[in-house]
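Let's take a walk through this one together.

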Amino acid sequence: MSLFDWGIFGPNEFVGMDNYRSLVGDDRFWRAMRATFSFALIYVPLIVCVSLLIAVLLHRKLPGIEIFRTAFVLPIVINVAVAAIAIQWTIDPEIGILNRILTSIGLPGQAWLSQPGWALFAISLVTMWINSGFMIVIFLTGLENIPDELYEAARLDGSTSLQDLLYITVPLLKPITLLVTVLSLIHAFQVFGEVLIMTEGGPYGSTTVLTLLLYEEGFKKFALGRAAAIGTVITLIIAALSFIQFRVFREQ
């Protein structure tokens, strides 16, 4: 499809690489590319670190820990639209509880979704909240496979909890961390619903990611050939980054 001038009623003519050439000369495409990579740089490290730390805490054998595990895994079943709207209300500059808390402690409230930097960060938090439950389950599965004898031996040598995390847990979870990183990277390049509901690409196009640009080209302008070209570019980027990650971890 990306090699055709494809309208709403089907293909008109074969255009070869023209759709890709038009993307290269389109400033909106490059702004969307920058927004997507910026989102990935915020979202991927955030969800990997937060999910790992929560999984380590939930792995402790404490009374009632099953209740906390259920609470953290629960966001898996929350719809993207519901989560995005709930966070919108929470950070609303007029009625949101977050600005009220900031004001109560003497800090100025923020128009979170009206400022380019904060808007992308807010979308990252919502996406992390929705997907972290699944990543926590993956990390918990990996933690179950680490023998308790390793921690007991380390404790006999005077190891602290932080040293256990850095020198036992993190190295032995490297394959699991790779899996979580790759899955999170794929999520980052597929993010769409959160952006559409929370900002619609604004302010000033700062949150127009590649998937939103694909949506605008395909379903607003009905330029399905260009939309397919954007989809192909997204797929190639995900494949290339995943290949690089697997090679780096394999060499280590």
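Start with helix 4 (residues 80–90) and helix 6 (residues 116–144): their axes come within 10 Å and cross at roughly 135 degrees. Axes here are lines fitted to C-alpha atoms, for helices over the stretch in contact, and angles run from 0 to 180 degrees between N-to-C directions. Helices are DSSP runs of H or I with at least four residues, strands are E runs of at least two, and both are numbered from the N terminus. Where does the pair meet? Val80, Ala83, Ala84 and Ile87 in helix 4 meet Val126, Trp129 and Ile130 in helix 6, where contact means heavy atoms within 4.5 Å.

A word on the model: it is predicted, so local features need pLDDT of at least 70 and side-chain atom pairs count only at pLDDT 80 or more, while totals for chains, interfaces and linings use all residues. Residues are numbered from 1 along each chain as its sequence is written, and side-chain values use heavy atoms, with hydrogens and water left out.

Zooming out, the protein chain has 12 helices and 2 strands. Its C-alpha trace spans about 70 × 50 × 25 Å along the principal axes. Of the 252 residues, 41% count as buried, meaning under 20% relative accessible area with a 1.4 Å probe, protein chains only.

Now for one residue. Ala227 sits in helix 12 (residues 224–251) and is buried, because its relative accessible area is 6%. Leu214 is 13 residues away in sequence, yet 4.8 Å away in space, C-alpha to C-alpha. Leaving aside residues up to four places away in sequence, Ala227 touches Leu214, Glu217 and Gly218.

Notes: Buried means under 20% relative accessible area, exposed over 50%, partly exposed in between (1.4 Å probe, protein chains only).
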